Amino acid sequence: MLKATPTDAVRLLEADPDLGALLTGQRRQEAERDLVVRVHKLSVGLWDVSRLEGAGADHIGLLLLDGVIAREVIVADHVSAELLGPGDLLRPWQPASKADLLPVDVLWSVLSPSAFAVLDRRFAGELARWPEVTAALFERLSERSQRLATTQAISQLTRVDRRLKALLWHLAERWGRVSGDGVIVPLALTHRILGQLVGARRPTVSTALGELAERGELIRRVDGSWVLRGSPPDASALGRRRALAGRPNDLMRPVRRFGDQDRQDDDFLATLTPTGTRG
């Protein structure tokens, strides 16, 4: 089981410049100088997070700076995986589930040499001066939630070859790079973890990958990475209309207790708009 190896402290906005995207001028310079974090490194293998269980609720989390980590969620005899990469914020000391009725377990695996910044209590105190950086961290959490929702939708596609094709193009959005042969996804993912990502058994994944290769839509390189050929799955307006064709008018019936809904919406929008700026 892996343990984190501490390294030198770094300036956070030098290690992850995008976190300071909302800062300009003097404030950016001050944040670059003052926001200093400790960095730990992990080698490839199963990550033992039990040593982190003593982390308090006032620790913000671990910000992944480099590498790829898999979070595997185990429910009954099924495993579902999530891939985490640079920019993701994680709190591996949190319990897998606070519910008592459905047992859930989590395993963490380091798929490539990784490094993360420790956003601890001291850092949280410093961060109070930089709400722009806090907003950027919240945006990262929102982006991660969106990626999870996309992966869930992919896992519901019919046919495993369609799921795999959609998944690899989805991963290419984040990790891919364009080459003369196609779009390279530099992730040496095994058939097992691909199955966990799309909700399929490993033998079925192997068969589906073979079908994609025969059609010339996918190439597995010697180093384990993937080359995508052709075009991404169709997301045309016609396809969206078909997906929504059987959708009920209301997913949940709203309960109106405070009068007209339009007035409630206007009141809510007023809280988001600075005074005097509304038309």
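Two aromatic rings of Phe, Tyr or Trp, the last represented by its six-membered ring, are taken as a pair if their centres lie within 6.5 Å. In the predicted model described here, two aromatic pairs are present. One is formed by W47 and W108, with 5.9 Å from centre to centre and 75° between the planes, an edge-to-face arrangement. This pair connects distant parts of the chain, since W47 belongs to strand 3 (residues 45-47) and W108 to strand 8 (residues 105-110), 61 residues apart. Both W47 and W108 are buried.

The other pair consists of W47 and F116, whose rings are tilted, with 5.7 Å between the centres and 35° between the planes. Because W47 is in strand 3 and F116 is in strand 9 (residues 114-119), this pair ties together parts of the chain that are 69 residues apart in sequence. The cut-off for a buried residue is a relative accessible area under 20%. W47 has a relative accessibility of 5% and therefore counts as buried. F116 also counts as buried, because its relative accessibility is 5%. Taken together, W47, W108 and F116 make up one aromatic cluster.

A further ring is involved in an arrangement with a charged side chain. R174 is placed over the face of W175, at a distance of 4.8 Å from the ring centre.

The packing of helices was examined next. Two packed helices are described by the angle between their axes and by the distance between those axes. For helix 5 (residues 160-175) and helix 7 (residues 202-214), the angle is about 75° and the axes are 9 Å apart. Angles of 65 to 115 degrees count as roughly perpendicular, and helix 5 and helix 7 are therefore roughly perpendicular to each other. On the side of helix 5, the contact is made by V160, D161, L164 and K165. Helix 7 contributes T204, V205, A208, L209, E211 and L212 to this contact.

S225 is located in the loop that runs between strand 12 (218-220) and strand 13 (226-228). Although S225 is in a loop, this residue counts as buried because its relative accessibility is 3%. The side chain of S225 forms a polar contact of 2.7 Å with the side chain of D223. When neighbours within four places in sequence are set aside, the residues in contact with S225 are I184, V185, P186, L187, I219 and R220.

Definitions and conventions:
Residues are numbered from 1 along each chain as its sequence is written. This is a predicted model: local features need pLDDT of at least 70, side-chain atom pairs count only at pLDDT 80 or more; totals for chains, interfaces and linings use all residues. Side-chain values use heavy atoms; hydrogens and water are left out. Helices (H or I, at least four residues) and strands (E, at least two) are DSSP runs, numbered from the N terminus. Buried means under 20% relative accessible area, exposed over 50%, partly exposed in between (1.4 Å probe, protein chains only). A polar contact is a pair of N or O atoms within 3.5 Å; within protein, one must be able to donate a hydrogen and the other to accept it, and residues adjacent in sequence count only if both atoms are side-chain atoms. Contact means heavy atoms within 4.5 Å. Rings of Phe, Tyr and Trp (its six-membered ring) pair if their centres lie within 6.5 Å; planes under 30 degrees apart count as stacked, over 60 as edge-to-face and the rest as tilted. A charge sits over a ring if NZ of Lys or CZ of Arg is within 6 Å of the ring centre and within 35 degrees of the ring normal. Axes are lines fitted to C-alpha atoms, for helices over the stretch in contact, and angles run from 0 to 180 degrees between N-to-C directions. Angles under 35 degrees count as roughly parallel, over 145 as roughly antiparallel, 65 to 115 as roughly perpendicular and the rest as oblique.
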